[in-house]
Amino acid sequence: LQETRELEALCQLAVREVKRITGFGRVKAYRFDTEDNGVVLAEVADPGYPSYLGLCFPAADIPQQARRLYRENLIRVIQDANYQPSPLLPVLNPSSGAPLDLSFAALRSVSPVHLQYMRNMGTLASMSISIVIRDRLWGLISCHNA
């Protein structure tokens, strides 16, 4: 890693190692530009996965609320895009009366829109690793499995 001088080569090494360690079918690294649009810089995938290398994703794909969570919670896992959410009881914290904060809960539910987005891509499980530089979400390493 220390001998690597090009950003894309560094990202390629990172996605290759994350794929080797995790076994996900596709791992890609992308960075956000100054307007929060994302571009895929590196990718490694098993046969049968479409390539996203070089593609750009509009900033609107990741709402500000999700970006905030990515900055605060550096690893996010969705085990099954077809899961059925379980209701949280009680809805409010009995001590404070405030809604429960599940920002850091490993099994917190995600937006139904995001789950549909995953299914549309043929992705049923995912993991994201945030790349945060100077408190700004610089990019993500995104892992997908069919």
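Reader: What share of the 146 residues in the chain is buried?

Author: Buried residues account for 32% of them. Keep in mind that this is a predicted model. The cut-off for buried is under 20% relative accessible area.

Reader: How many helices and strands does the chain have, and in what order do the elements run?

Author: The chain has 3 helices and 6 strands. Read from the N terminus, the elements go α-β-β-β-α-β-α-β-β. The C-alpha atoms fill a box of roughly 55 × 35 × 30 Å along the principal axes. As for contacts, take those between residues at least 6 apart in sequence: 56% of them join residues at least 24 apart.

Reader: Now the sheet. In what order do the strands of the sheet stand?

Author: The general idea comes before the case. Strands of a sheet pair through backbone hydrogen bonds, in either a parallel or an antiparallel way. Here the sheet is open and has 6 strands, in the order β3-β2-β1-β6-β5-β4, with antiparallel pairing. At the edges stand β3 (56-57) and β4 (75-78). Each has a single partner strand, so one side of each lacks a neighbour in the sheet.

Reader: Over how many bridges do β1 and β2 pair?

Author: Strand β1 (residues 26-32) and strand β2 (residues 38-45) pair over 7 bridges, in the antiparallel sense. To find one by eye, go to Ala29: its bridge partner in β2 is Ala42. Helix α1 (residues 7-22) packs on the sheet and touches β1, β2, β5 (125-133) and β6 (136-145). The direction of α1 makes about 50 degrees with that of β2.

Reader: Which strands does helix α2 lie across?

Author: Helix α2 (residues 64-72) lies across β1, β4, β5 and β6. It runs at about 90 degrees to β6. Look also at Ser128, which is in strand β5. Ser128 counts as buried because its relative accessibility is 8%. Beyond its neighbours within four places in sequence, its contacts are Tyr70, Leu74, Ile75, Arg76, Ile141 and Ser142.

Reader: On to charges. How many salt bridges does a search of the whole structure find?

Author: Again, the idea leads. Side chains of opposite charge can pair when their charged atoms come close. The search finds 4 salt bridges. One of them joins the side chains of Arg20 and Glu17, at 2.8 Å from N to O. Arg20 and Glu17 are 3 residues apart in helix α1, so about one helical turn separates them. Arg20 counts as exposed, at 59% relative accessibility. Glu17 counts as partly exposed, at 37%.

Reader: Which residues are linked in a network of salt bridges?

Author: The network links Asp36, Arg67 and Arg136. Take the two pairs in turn. Asp36 forms a salt bridge with Arg67, with the closest N and O atoms 4.0 Å apart. That pair links distant parts of the chain: Asp36 is in the loop between β1 and β2, Arg67 is in helix α2, and they are 31 residues apart. Arg136 also forms a salt bridge with Asp36, its closest N and O atoms being 3.5 Å apart.

Reader: Are Arg67 and Arg136 buried, exposed or partly exposed?

Author: Arg67 counts as buried, because its relative accessibility is 4%. Arg136 counts as partly exposed, at 33%.

Reader: Which side chain of opposite charge is nearest to Glu43?

Author: It is Arg26, 4.3 Å away. Glu43 is buried yet has no salt bridge. This residue lies in strand β2. The Glu43 side chain reaches the backbone nitrogen of Tyr52 at 2.9 Å. A polar atom of that side chain also lies 3.4 Å from the backbone nitrogen of Leu53. Residues up to four places away in sequence aside, Glu43 touches several others, including Gln12, Val15 and Pro50.

Reader: Last, the backbone. Which peptide bond is cis?

Author: Most peptide bonds are trans, and most residues other than glycine have a negative phi. Here the bond from Leu89 to Pro90 is cis, with omega near 0 degrees. Pro90 sits in the loop between β4 and α3 (112-120).

Reader: What is the phi of Asp36, and what is that of Asp135?

Author: Asp36 has a positive phi of about 70 degrees, although it is not a glycine. Asp135 is not a glycine either, and its phi is positive at about 65 degrees. Asp135 lies in the loop between β5 and β6. At 62% relative accessibility, Asp135 counts as exposed.

Key. Residues are numbered from 1 along each chain as its sequence is written. This is a predicted model: local features need pLDDT of at least 70, side-chain atom pairs count only at pLDDT 80 or more; totals for chains, interfaces and linings use all residues. Side-chain values use heavy atoms; hydrogens and water are left out. Two strands pair if DSSP finds at least two bridges between them. Helices (H or I, at least four residues) and strands (E, at least two) are DSSP runs, numbered from the N terminus. Contact means heavy atoms within 4.5 Å. Axes are lines fitted to C-alpha atoms, for helices over the stretch in contact, and angles run from 0 to 180 degrees between N-to-C directions. Buried means under 20% relative accessible area, exposed over 50%, partly exposed in between (1.4 Å probe, protein chains only). Lys and Arg count as positive and Asp and Glu as negative; His and the chain ends are not counted. A polar contact is a pair of N or O atoms within 3.5 Å; within protein, one must be able to donate a hydrogen and the other to accept it, and residues adjacent in sequence count only if both atoms are side-chain atoms.
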